[in-house]
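User: I have a structure open and would like to talk through it with you. Can we go piece by piece?

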Amino acid sequence: TIGNDVFVRRIAPNSWWGRFQAYLIEKFPGCTVTNNGCGGIYSYQVRENLDKLYQEDDDIIIILLGTNDRKRQNGMKELHENLSYLVKRLKDSDKQIILITPNPSTATNESYENRLYHIEDVAIVISQVALDEQVLLVNNYKKIQDYLKLTGKRMDDIIYGENCSNDGLHPSDYVQSLMYRNLLQCLELEVEMDDIEGT
């Protein structure tokens, strides 16, 4: 709980994080994975509450952050400052850090009145922090953009799942699969074959 905002842990077996958690537990017996993702959170809130979001005995911390900062004045400056702080602080605690960029969104989502920045801006900031701090980057934004160019598809073609309402940003199972497989490839882990065409 942060002020009036209450964040809850989501169980989503088809999500990239749900599939990755299952993969790690199966492949590395004794491994524990905790999802402390907070949908709707801003980077400054993560910075102010970092101690609530990780444990001292954590070895690896994966951070996907910044899409909500699009709605804030100076949001990309804030994201850069806050993400840089988070990475430095966690590295000082001997944590291995992985930064992840979000998936692209639809043109409609990008045009909402409260979108002061674009997803591309978020991806650029995250990529720059990863480069500056020399931590691993999983660039879903670029990977999915490359996939769209290769297949001739648009985000509208892959982001909406059957019987699933969507604002044009939150990934469908299809996009979740692309993100999951990209994460495995970047970590040089065995990529599973599945029934998602073109992945």
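User: Where does glutamate 188 lie?

Analyst: Before anything else, please keep in mind that this is a predicted model. Glutamate 188 lies in the segment that follows helix 8, which covers residues 173–186.

User: Is glutamate 188 buried or exposed, and what is its phi?

Analyst: Glutamate 188 is exposed, because its relative accessible area is 73% and the cut-off for exposed is over 50%. Its phi is near 55°, which is a positive value in a residue other than glycine. As background, most residues other than glycine have a negative phi.

User: Which loop holds aspartate 94, and what is its phi?

Analyst: Aspartate 94 sits in the loop between helix 3 and strand 2, and its phi, again positive in a residue other than glycine, is near 65°. At 68% relative accessibility, aspartate 94 counts as exposed.

User: Staying with helix 5, how many residues does it have, and how far does it reach?

Analyst: Helix 5 runs over residues 119–133, which makes 15 residues, and it reaches 21 Å from its first C-alpha to its last, close to the 21 Å expected at 1.5 Å a residue.

User: Which residues of helix 5 are buried?

Analyst: The buried residues of helix 5 are Ile119, Val122, Ala123, Val125, Ile126, Val129, Ala130 and Glu133. Looking down the axis of helix 5, these buried residues fall within an arc of 160°, so they line one face of the helix.

User: Changing topic to the strands: how many bridges join strand 1 to strand 2?

Analyst: Five bridges join strand 1, residues 60–64, to strand 2, and the two run parallel. Within that pairing, isoleucine 60 stands opposite glutamine 96, and isoleucine 61 stands opposite isoleucine 97. Strand 1, helix 3 and strand 2 make a right-handed β-α-β unit.

User: Which residues are on the covered face of strand 1?

Analyst: Ile61 and Ile63 make up the covered face of strand 1, while Ile60, Ile62 and Leu64 make up the uncovered one. In a regular strand the side chains alternate between the two faces of the sheet.

User: What about strand 2, how many of its residues are buried?

Analyst: Strand 2 is mostly covered, with four of its five residues buried. Three bridges join strand 2 to strand 3, and this pair also runs parallel, with leucine 99 opposite leucine 137 in strand 3.

User: Now the other part I was curious about: how far apart are glycine 18 and glutamine 176?

Analyst: Glycine 18 and glutamine 176 are 158 residues apart in sequence, yet 9.7 Å apart in space, C-alpha to C-alpha. Glycine 18 has its place in helix 1, residues 16–27, whereas glutamine 176 lies in helix 8.

User: Are they buried or exposed?

Analyst: Glycine 18 is buried, with a relative accessible area of 14%, and glutamine 176, at 7% relative accessibility, also counts as buried.

User: What does glutamine 176 touch?

Analyst: Not counting residues up to four places away in sequence, glutamine 176 touches Asn14, Ser15, Trp16, Trp17 and Pro171.

How values were computed
Residues numbered from 1 in each chain as written. Predicted model: local features only at pLDDT ≥ 70, side-chain atom pairs only at ≥ 80, totals over all residues. Heavy atoms only, no water. Expected span 1.5 Å × (residues − 1). Buried < 20%, exposed > 50% of the residue type's maximum accessible area, 1.4 Å probe, protein only. Arc of directions from axis to C-beta. Pairing = 2+ DSSP bridges. Right-handed = clockwise from strand over helix to strand, strands pointing away. Contact = heavy atoms within 4.5 Å.
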